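Q: Could you show me how to read a structure like this, one feature at a time?
A: Gladly. Ask about a feature, and we will look at the case here.

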Amino acid sequence: MTTATRHPVELRYATASDVESGTDGSRVRLALEGSRGTVGVSGRVTDAALFRDALAATFGILASDLRYRGKDRTAYLAYLMKQGKRASALIWEAQKAFLDNALDGEKKQDAVLDPVLTVDPDSVSLEVFSRDESAYARLSFDNRLFEGREAAHGSTFLDVPPDLPARVDRLRTYVPVALEAHVALATPASQPARAPRNVEVPHAWLRGFLQVQSAATLPASTCELAPIDLYNLLFALRARKAKKAPRALRFELVPGAPPRLVLEPWELVLECHGGTYNGTAPAVVRTFGRQRLAALARLLPHAKSVRVQLMGPGLPVFWVIDMGAATLTLGLTGWTESGWSSAAAFDVLMPRAVPDGLAEQLRNRLRTEGPLPFDTLAASAGAPKESVRAALQLECLRGRILFDVARGQYRPRELMPTPVDAAVIRYGNELEARAHRLLGGDGAPGAGEVKLTKVHDVVGEGIRIHGEVVDREALRSFFPSFTLDLEGRVKDASCGCPHHRRSGLREGPCEHLLALRLAYARRRAEEEALRQTPEGRKLIRAETRSYVRRDAESGLETVYRVSLDGQVVAVEWGPRTGSPRHQRLWFDSDAEARGAYFARLEKLAADGYIDAASALV
């Protein structure tokens with residue numbers, strides 16, 4: 001029996017969204033999906049420029065697609081053939097690629113959900129997810145933006161015709177602007193009644209959308225930026241183009257000091273002016289996909305403050321733009337095209353054990369009392385905080401609540417008329433499900449065994465990982481390996497299984513490579529927890545840590561790499577962009593080498609160096 005890979009949704013709109021403009025004013029008419037009862041909001045907009053620019057930026061995120069697409073040369077190759085010149089089989093491949101792209105675009109228009117509009121007692125919000133599934137945005141308008149506000153609370157979908165963003169962009173701000181969003185907008189006499197539209201939403205799309213919701217509930221490192229800092233960042237990105245890796249945006253966070261933004265590979269340091277970092281420990285965090293931040297340029301004239309929430313390596317990053325009466329929360333996934341590397345990140349986002357009935361209890365309380373912070377929910381839940389957080393995370397994955405990153409509150413929000421089954425979106429595909437079974441997931445501990453045989457830190461390139469996977473279903477063992485580069489992407493993968501030998505990575509990685517990737521991510525998390533205890537340190541035989549410190553006067557950054565390998569401690573230090581110095585120390589026993597290794601790390605921390613382990617994926 002084949003498992004369904006799509007979620008059917010029927011959309012019923014009374015008419016199409018439109019913008020009516022006249023000499024005495026403009027009216028933005030937004031058509032809402034009507035199968036969930038009466039939902040809507042109306043009122044006169046008090047700040048038309050803010051309303052227009054915020055909506056335009058949000059629609060821009062909805063339409064954004066930064067995936068690479070090769071140029072189509074079909075017409076040129078056909079021209080060569082007419083001229084009697086030789087054209088190889090590439091012409092047929094180009095024609096096929098052209099048709100695939102055209103048909104793929106048509107399918108994608110019907111394969112994603114329309115934006116979600118939610119009317120709450122204190123605000124009205126709009127949620128969108130980009131076409132390349134790498135950027136999530138939630139735009140919230142406070143009640144004070146509207147005069148004579150009338151509202152019917154609830155959540156539903158918003159109709160966005162192809163020409164609506166351009167019409168919103170042409171709104172004139174020197175005349176009154178009114179908003180009318182309703183499920184029963186009057187249909188103009190010139191337009192026929194709209195028939196219901198059936199959408200088959202891929203589970204992969206739902207998985208990406210709800211992954212951002214789940215990530216928002218995790219603890220984060222938060223720093224404040226000034227609008228001028230965001231302007232400087234966007235200006236630097238627009239004026240430069242990186243032609244080689246790494247291409248990260250690095251955050252250097254030191255308690256009591258303003259944050260620093262570092263653009264790789266130029267090592268351009270941008271000093272921030274939004275206040276000091278209030279975290280308890282210094283950290284260095286690398287984020288990727290920075291070109292997607294260009295969507296925020298439209299909001300710079302209205303921005304009052306900028307807050308960045310960093311969840312951790314490979315997890316989404318949230319940018320909160322406070323514009324007074326409006327707030328935009330932009331969530332960026334770890335990479336523009338995360339590929340199968342994201343399997344390890346999503347594995348972290350899945351809630352573990354959730355007590356029976358706790359998730360439903362918390363959801364009902366939010367529906368009754370409205371938005372509430374985590375501490376308030378946990379205080380009277382009658383369960384440990386870890387269980388409460390897992391239950392809220394599960395409800396986010398079901399699409400029944402969301403975490404308002406801007407206000408730090410959980411809100412009720414029904415993404416679908418029926419809750420999404422978290423088990424359906426648990427895995428991206430069947431191969432990923434098999435990889436978890438090999439690791440002992442889904443209650444099948446005997447499906448296989450995954451061992452990490454060698455983890456080799458290749459300086460300047462990344463980490464080479466080798467493993468052995470005992471596949472009891474195939475009655476044999478496989479020896480997968482891959483390289484995790486400096487940007488967290490997987491390359492140079494190899495495996496001896498039939499799937500990989502037949503197609504390599506063209507059809508996606510095999511279950512053995514996925515299992516090895518997940519096993520490595522889990523071991524890294526376990527090691528980070530163990531190394532904080534004396535018992536855990538005794539188990540460490542091989543490890544490499546990087547520590548960094550930037551001189552306040554010259555701005556130069558010094559990097560220390562300290563490695564432990566059995567009875568050898570290796571130290572490499574020097575400026576990041578210069579030639580490093582090297583030192584190797586041999587000891588009589590592993591215990592002596594381990595003691596010297598941790599003593600060196602403690603001395604670096606005491607001297608003001610920051611552990612840059614959080615910058616690695």
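Q: Where is Arg172 found?
A: Start by placing a residue among the helices and strands. This model is predicted. In it, Arg172 lies in the loop that runs between helix 4 (164-169) and strand 10 (177-182).

Q: Is Arg172 buried, partly exposed or exposed?
A: Look at relative accessibility. Buried means under 20%, and exposed means over 50%. Arg172 has 29% relative accessibility, so it counts as partly exposed.

Q: Which residues is Arg172 in contact with?
A: Set aside the neighbours within four places in sequence. Arg172 then touches Ser21, Gly22, Thr23 and Val177. Sequence distance and space distance are separate things to read. Arg172 and Ala48 are 124 residues apart in sequence, yet their C-alpha atoms are 8.0 Å apart in space.

Q: How many bridges join strand 6 to strand 7?
A: Bridges tell you how strands pair. Strand 6 (residues 123-129) and strand 7 (residues 135-142) run antiparallel and are joined by seven bridges. Now find facing residues. Glu127 stands opposite Arg138 in strand 7. Val124 stands opposite Phe141 in strand 7.

Q: Which residue takes a positive phi in the hairpin of strand 6 and strand 7?
A: Check the residues between the strands. There are five in this hairpin, and Glu133 takes a positive phi near 60 degrees.

Q: What pairs with strand 7 in the antiparallel sense over seven bridges, besides strand 6?
A: Follow the sheet order onward. Strand 19 (residues 326-332) pairs with strand 7 in the antiparallel sense, over seven bridges.

Q: Why is strand 7 largely enclosed?
A: Count the buried residues. Eight of the eight residues of strand 7 are buried, so the rest of the structure largely encloses it. Then check each face. One side carries Ala135, Ala137, Leu139 and Phe141, the other Tyr136, Arg138, Ser140 and Asp142, and all are buried.

Q: At what angle do helix 5 and helix 10 cross?
A: Compare the two axes. Those of helix 5 (residues 203-216) and helix 10 (residues 385-398) cross at roughly 160 degrees and come within 8 Å. An angle over 145 degrees counts as roughly antiparallel. Helix 5 and helix 10 are therefore roughly antiparallel to each other. Their crossing is right-handed.

Q: Which residues make the contact of helix 5 and helix 10?
A: List each side. Helix 5 gives Leu210, Gln213 and Ser214, while helix 10 gives Gln393, Cys396 and Leu397. By class, three are nonpolar, three are polar and none is charged.

Q: How do helix 11 and helix 13 pack?
A: Helix 11 (residues 430-438) and helix 13 (residues 511-530) pack at about 55 degrees, with axes 8 Å apart. Helix 11 and helix 13 are therefore oblique to each other. The crossing of helix 11 and helix 13 is right-handed. Among the residues that meet are Leu431 and Arg434 in helix 11 and Leu514 and Leu518 in helix 13. The residues of this contact divide into six nonpolar, two polar and four charged.

Notes:
Residues are numbered from 1 along each chain as its sequence is written. This is a predicted model: local features need pLDDT of at least 70, side-chain atom pairs count only at pLDDT 80 or more; totals for chains, interfaces and linings use all residues. Side-chain values use heavy atoms; hydrogens and water are left out. Axes are lines fitted to C-alpha atoms, for helices over the stretch in contact, and angles run from 0 to 180 degrees between N-to-C directions. Helices (H or I, at least four residues) and strands (E, at least two) are DSSP runs, numbered from the N terminus. Angles under 35 degrees count as roughly parallel, over 145 as roughly antiparallel, 65 to 115 as roughly perpendicular and the rest as oblique. A crossing is left-handed if the near helix is turned anticlockwise from the far one by less than a right angle, and right-handed if clockwise. Contact means heavy atoms within 4.5 Å. Ala, Val, Leu, Ile, Met, Phe, Trp, Tyr, Cys and Pro count as nonpolar, Asp, Glu, Lys and Arg as charged, and the others, Gly among them, as polar. Two strands pair if DSSP finds at least two bridges between them. Buried means under 20% relative accessible area, exposed over 50%, partly exposed in between (1.4 Å probe, protein chains only).
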